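Thanks for coming. I have one structure to go through today, and I will keep to the contacts. Here it is.

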Amino acid sequence: MPYAHITGWGMSVPSKVLTNDDISKMVETNDEWIRDRTGIRERRIAEERQSSASLGAEAAIEALKIADLLPTDLDLIICSTSTPEHIFPATACIIQDKIGANKAGAFDLSAACSGFIYGLNMGAQAIRSGSSKNVLVIGTETLSRFVNWKDRNTCILFGDGAGAFVLQASEQPGGTYGAVMHSDGSGGDLLSIPAGGSRNPMSELTLRTGMHFIHMDGKEVFRFATRVMAGATNEAVEKSGWTLDALDLIVPHQANLRIIEAAARGLKMPMDKFMVNLDRYGNTSTASIPIATVEAVQQGKLRPGDKVVFVGFGAGLTWGALAAEWTGPRQATRRVVKPGLFPWIAPIRSFLRRLGRLIEGIIFGRKA
Ligand code: UT7
């Protein structure tokens with residue numbers, strides 16, 4: 001059975017920064033309260049031209065560059081997002097077209113902030129079963145489009161961004177090990193966007209009552225998170241046949257510093273074993289774990305051979321963890337066509353396919 005190695009990683013965040021002081025001009029809050037209660041100092045906000053697909057595609061290309069793969073080498077794209085471009089088509093398909101991954105299947109996965117863990121586990125299982133060789137897993141969000149900027153309970157928390165991993169099959173032991181995925185739908189109402197789906201389609205009423213925004217019972221979500229983080233980490237470690245003291249790093253979902261500190265206490269592990277970067281990005285939901293991982297690698301906190309656990313929780317309710325031995329980048333091959341060229345080539349290919357469809361329609365008529 002092949003192993004699923006993480007051979008590429010990338011991130012993309014908007015350049016526009018929104019500080020706590022900026023938010024204090026919009027709602028009754030202040031920098032000190034936000035820092036004390038969450039650890040967040042600032043977050044990134046997407047420009048109008050940016051979207052979950054554009055950020056996701058940029059992160060994907062960065063990950064492919066490190067893995068030394070072309071988009072055309074991919075068999076599968078899994079895009080985890082709670083802020084998709086549309087209900088359908090899937091954001092994964094829009095990214096597939098943007099990067100020119102013309103041999104890949106593509107679908108979206110909805111498990112809120114736990115989505116990247118779920119996606120990584122699904123991607124790894126596709127490799128271990130032999131059905132895929134090269135899988136791209138993306139976590140991308142533009143939460144700023146769903147935040148009620150008049151609600152101080154939620155608007156201080158969230159930010160925009162994307163991260164991506166490339167998973168590759170290899171006979172060499174390593175890569176992903178034990179993983180757990182959990183859910184408890186009885187807590188679905190604690191964190192939701194009530195309108196816009198088939199239960200409450202968008203209407204004048206849903207707009208007037210703000211049902212298209214993020215609604216959250218912060219205290220309850222906090223309690224749930226502090227309960228499950230340590231447990232899920234322990235489960236993934238046990239499933240891998242490891243012990244906690246063998247871990248080099250834990251990359252937790254970046255929601256609130258106090259939640260991460262509670263997990264550290266629960267696991268009896270020092271805080272320096274936890275990657276934290278929520279002070280600069282806030283909670284980017286499913287993108288937070290891959291973004292924190294990319295920065296951990298850049299800062300030398302995650303090196304080839306290290307044992308790492310990714311652990312997250314979120315709406316659903318969902319939670320999960322995945323243990324991995326960090327592989328590091330593959331040896332680069334010398335080739336003329338590089339992954340970075342694809343965002344330029346792919347739109348031409350996409351245009352030609354649309355044109356072909358139009359010409360076919362004219363020649364054969366609508367009945368063909
Ligand atoms: O990916 C998962 C996403 N969600 C989460 O992870 C959320 C988890 N929950 C949390 O992070 C925390 O519950 C919050 C940061 C949302 C809130 O912190 P808290 O310590 O649970 O505050 P609280 O809701 O208990 O509110 C304490 C006080 C209240 O005032 P009173 O009733 O004690 O007078 C709030 O009205 O703080 C007030 N408050 C604020 N004050 C200034 C609530 N939000 C703010 C604010 N600025 N932004």
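Start at I77. Leaving out residues up to four places away in sequence, I77 touches A92, I95, Q96, A101, A104, A106 and L136. Bear in mind that this is a predicted model.

I77 also belongs to the largest nonpolar core, which has 110 residues. Together with A60 and A63, I77 is among those with the most contacts inside that core. Which helix gives this core its largest share? That is helix α3, residues 52–67, with 10 residues. As general background, nonpolar side chains in soluble globular proteins tend to be buried together.

Next, a helix pair. Helix α4, residues 91–99, and helix α11, residues 342–364, have axes that come within 6 Å and cross at roughly 105 degrees. Angles from 65 to 115 degrees count as roughly perpendicular, so α4 is roughly perpendicular to α11. On the α4 side the contact is made by D97, K98 and I99; on the α11 side, by F342, P343, A346 and S350. By class, the residues of this contact are 4 nonpolar, 1 polar and 2 charged.

Last, the ligand. There are 20 residues around the ligand, and T29, R152, G218, F222 and A255 come nearest. What is the make-up of that shell by class? It has 9 nonpolar, 8 polar and 3 charged residues. Two helices, α2 (31–38) and α7 (218–239), each supply at least two residues of the shell. The largest share, 5 residues, comes from α7.

That is what I have. Questions, please.

Conventions
Residues numbered from 1 in each chain as written. Predicted model: local features only at pLDDT ≥ 70, side-chain atom pairs only at ≥ 80, totals over all residues. Near = placed C-beta within 6 Å. Helix = DSSP H or I, 4+ residues; strand = E, 2+ residues; numbered from the N terminus. Nonpolar A, V, L, I, M, F, W, Y, C, P; charged D, E, K, R; others polar. Core = buried A, V, L, I, M, F, W, Y, C linked by C-beta atoms within 7 Å. Buried ≥ 20, exposed ≤ 12 C-beta atoms within 10 Å, placed from the backbone. Contact = placed C-beta atoms within 7 Å. Axes fitted to C-alpha atoms, helices over the stretch in contact; angles between N-to-C directions. Parallel < 35°, antiparallel > 145°, perpendicular 65-115°, else oblique.
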